[in-house]
Amino acid sequence: RTPLKVDVIRDRGALARMVEQGRIENVFRLQIMNATELPQRYAISVSGLPGIALASDAEVQVLSTEARAVAVRVQIPPNAASSGSHPIAFEIRAVGDDAVHVTEKAAFLVPR
């Protein structure tokens, strides 16, 4: 069975907002499920738009056979993308074990 499962859920409370230096931020919830018998550390990264970056912790600890919801703030520089919805991808990778990783697609919203 798969040692790691991830679901990406958009935070419905905050679709897109402007933050410091005019950056645009979206908030997502990652449901990270560790299906192994040992606690795991996972590194989270994001790609898909110029200058896209996590604005929250890039590592998370998940206990054995536990599912953990993690709020993740993602930001892009001003003018990095036109208004609308843009495909991005989250990669969640077990620290110290590159064989265990999951890529999940999501959409980054840029306000008008």
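Start by selecting the charged side chains: the mean positions of the 13 positive and 12 negative charges of the chain lie 7 Å apart. Lys and Arg are taken as positive and Asp and Glu as negative, with His and the chain ends not counted; each charge is placed at NZ of Lys, CZ of Arg, CG of Asp or CD of Glu.

The model is predicted: local features need pLDDT of at least 70, side-chain atom pairs count only at pLDDT 80 or more, and totals for chains, interfaces and linings use all residues. Residues are numbered from 1 along each chain as its sequence is written, and side-chain values use heavy atoms, with hydrogens and water left out.

Next, show the whole chain as a cartoon. The chain has zero helices and nine strands; these are DSSP runs, numbered from the N terminus, with helices being H or I of at least four residues and strands E of at least two. The radius of gyration is 14 Å, close to the 13 Å that the globule rule gives for 112 residues, so the chain is as compact as a globular protein of that length. That radius is taken over C-alpha atoms, and the rule is 2.2 Å times the number of residues to the power 0.38. The C-alpha trace spans about 45 × 25 × 20 Å along its principal axes.

Now select Phe90, in strand S8 (residues 84-94). Phe90 is buried, at 0% relative accessible area; buried means under 20%, exposed over 50% and partly exposed in between, with a 1.4 Å probe and protein chains only. Across the chain, 36% of the 112 residues count as buried.

Centre on Ile88. Leaving aside neighbours within four places in sequence, its contacts (heavy atoms within 4.5 Å) include Phe28, Val46, Leu49, Ile52 and Phe108.

Finish at Ala67, in strand S7. Is Ala67 buried or partly exposed? Its relative accessibility is 43%, so Ala67 counts as partly exposed. Not counting residues up to four places away in sequence, Ala67 touches Gln31, Ile32 and Met33.
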